[in-house]
Amino acid sequence: MLRFLALVALAILPSFHLVEAHWHGHDSREQAPLVDVKDFTKSGNGRTPTWSEKYGKQIDQPFSGPLSFSHLPYSRCLEDEGAEFDVAVLGMPFDTAVTYRPGARFGPYAIRSGSRRQRETRGYTLSWRNNPYELGSKIVDCGDVPVTPFDNALAVDQMEVAYSTLLARTIASDESGSTSVSKRFAKDGKEHPRIVTLGGDHTIVLPILRSLNKVYGPVSVIHFDAHLDTWPAYPGTSTDQSRVTHGTFFYLANEEGLMTNTSIHAGIRCKLAGVADLENDASVGFQLISTDDIDDHGIAAIIKRIRDRIGDSPVYLSLDIDVIDPGLAPATGTPEAGGWTMREVKRIIRGLAGLNFVGADIVEVSPAYDNAEITGIAAADIVHDFLSMLLSSEPPTPHSMWGPRRPAKDEL
């Protein structure tokens with residue numbers, strides 16, 4: 001037995017010497033390192049290179065960096081009077097006029113968070129066949145209006161003043177190259193920026209329409225929503241301010257002469273008190289497209305009806321996220337079953353390009369009710385569509401299936 005162990009030791013002893021020689025660099029078969037460690041840490045003059053020298057710009061990853069919409073340049077435009085833009089993204093974190101679940105004050109944050117995988121350099125889409133950031137207009141994230149959560153009358157005034165402040169700014173691009181329609185309809189005959197607003201509950205549209213009225217006069221409204229939002233008041237209303245809610249603002253806007261009589265709803269499916277609600281809605285100036293109309297008439301017919309209704313008037317688009325089925329966008333305050341899909345809504349929006357848009361918003365995103373950010377991501381994608389819609393002169397034409405057709409092949 002001892003003799004056997006001695007033979008084994010003699011057999012493996014040379015291997016230990018070989019390994020030791022390789023470790024100390026004495027073996028000619030030693031593997032060279034893939035990267036020269038000295039070059040990796042030192043510049044040519046012996047000092048450690050800076051980040052810029054070695055890696056270039058400090059680029060934000062989709063999951064890093066300050067939170068702005070699609071990593072856009074961010075400016076506190078309300079106080080920075082030198083901030084220039086053609087299109088502004090503006091948050092209005094207001095939610096103290098809701099009738100059911102609150103939480104939309106966090107909507108601007110959720111939408112920006114949902115946009116983190118978007119960016120200017122990767123903005124081209126197959127459906128639009130353009131990148132809105134490469135269409136000659138300067139787009140800036142102007143932050144949020146610092147809205148008070150304690151006094152609704154004050155908050156509504158703050159939002160109106162903020163919107164009016166940005167509308168009064170000089171546009172950044174050369175007017176001759178701008179696709180904006182604002183100069184044609186503005187009372188002063190000048191170009192004005194356009195604003196995509198991130199709500200907030202739907203009440204924010206009242207101060208927005210008040211601001212737009214100062215520049216354009218009455219405008220038409222395209223209203224994507226599950227609900228009419230044209231009710232005169234809710235039971236128990238006892239003060240002028242208590243009339244201002246996310247379900248009454250269109251009624252109030254009509255009282256104030258802020259809208260034309262050529263507005264239209266799209267996606268309505270809420271339960272009503274009866275025919276009287278519809279009669280009141282018509283008196284406020286709206287025609288109605290129900291959710292079910294998409295099954296009965298198709299997307300193309302819905303697009304045509306909206307375009308025919310709006311005609312050549314200046315138009316504002318307001319989209320409540322609850323127009324989408326809550327199975328696809330659950331994070332909202334007043335969900336209604338049986339809504340449109342994201343694809344259907346996006347297709348309709350593309351069909352509206354070329355109308356005389358003076359602004360747009362997306363509202364009622366309440367991330368506390370979300371799951372895996374699906375509503376925030378959906379809302380951010382709609383905002384991207386809004387940017388292409390505002391800056392396109394006509395809808396994109398349908399395209400054939402891309403790529404050559406291959407002949408059938410008999411595999412036998």
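In which helix is the place of alanine 282? Alanine 282 belongs to helix H9, which covers residues 275-284. This is a predicted model, in which local features need pLDDT of at least 70, side-chain atom pairs count only at pLDDT 80 or more, and totals for chains, interfaces and linings use all residues. Residues are numbered from 1 along each chain as its sequence is written, and side-chain values use heavy atoms, with hydrogens and water left out.

**Figure 1. Overview of the chain and of the confidence of the model.**
The chain contains 13 helices and eight strands. Helices (H or I, at least four residues) and strands (E, at least two) are DSSP runs, numbered from the N terminus. The average pLDDT of the chain is 89, and 85% of the residues score at least 70; pLDDT is the predictor's confidence in each residue, from 0 to 100. Over residues 16-26 pLDDT stays under 50, and the model has nine contacts beyond four places in sequence for this stretch. A contact means heavy atoms within 4.5 Å. Among contacts in the chain with a separation of 6 or more, 77% come from residues 24 or more positions apart. Of the 412 residues in the chain, 48% are buried. Buried means under 20% relative accessible area, exposed over 50%, and partly exposed in between (1.4 Å probe, protein chains only).

Alanine 282 counts as partly exposed because its relative accessibility is 45%. Isoleucine 264 is 18 residues from alanine 282 in sequence, and the two lie 9.6 Å apart in space, C-alpha to C-alpha.

Helix H4 spans residues 107-114. Seven of its eight residues are buried, so H4 is largely enclosed by the rest of the structure. The buried residues of H4 are Gly107, Pro108, Ala110, Ile111, Arg112, Ser113 and Gly114. They pack against E1, strand E2 (139-144), strand E3 (194-199), strand E8 (356-363) and helix H13 (374-391). Arg112 also takes part in a network of salt bridges with Asp141 and Asp144.

**Figure 2. Close-up of three paired salt bridges.**
A salt bridge is a side-chain nitrogen of Lys or Arg within 4 Å of a carboxyl oxygen of Asp or Glu. By this rule the count comes to twelve salt bridges. In one of them, arginine 47 joins glutamate 53, with the closest N and O atoms 2.6 Å apart. Arginine 47 is partly exposed because its relative accessibility is 36%, and glutamate 53 is partly exposed because its value is 47%.
Another salt bridge joins the side chains of aspartate 95 and arginine 105 (2.9 Å, N to O). Both residues are in the loop between strand E1 (87-92) and helix H4, ten residues apart. Is aspartate 95 buried or exposed? Aspartate 95 counts as buried because its relative accessibility is 4%, whereas arginine 105, at 34%, counts as partly exposed.
A further salt bridge connects the side chains of glutamate 256 and arginine 210 (2.7 Å, N to O). This pair links distant parts of the chain, 46 residues apart: glutamate 256 is in the loop between helix H8 (249-255) and strand E5 (263-268), and arginine 210 is in helix H7 (residues 205-216). Glutamate 256 has a relative accessibility of 38% and is therefore partly exposed; arginine 210, with a relative accessible area of 23%, is partly exposed.

Glutamine 118 lies in the loop between H4 and E2. This residue counts as buried because its relative accessibility is 14%. Its side chain makes a polar contact with the side chain of serine 70 (3.1 Å). A polar contact is a pair of N or O atoms within 3.5 Å; within protein, one must be able to donate a hydrogen and the other to accept it, and residues adjacent in sequence count only if both atoms are side-chain atoms. Beyond its neighbours within four places in sequence, glutamine 118 is in contact with Phe69, Ser70, His71, Ala380, Asp381 and His384.
The largest pocket holds about 380 Å³ of space. Of the 17 residues that line the largest pocket, Gly114, Ser115, Arg117, Gln118 and Asp381 are the closest to its centre. H4 and H13 are the elements that give two or more residues to this lining, and H13 gives the most, with four residues. On a 1 Å grid over the protein atoms alone, a pocket is an open set of points where a 1.4 Å probe fits, with protein on both sides within 12 Å along at least five of seven lines; lining residues have an atom within 4 Å of a point. A volume is the space filled by probe spheres set on the points.
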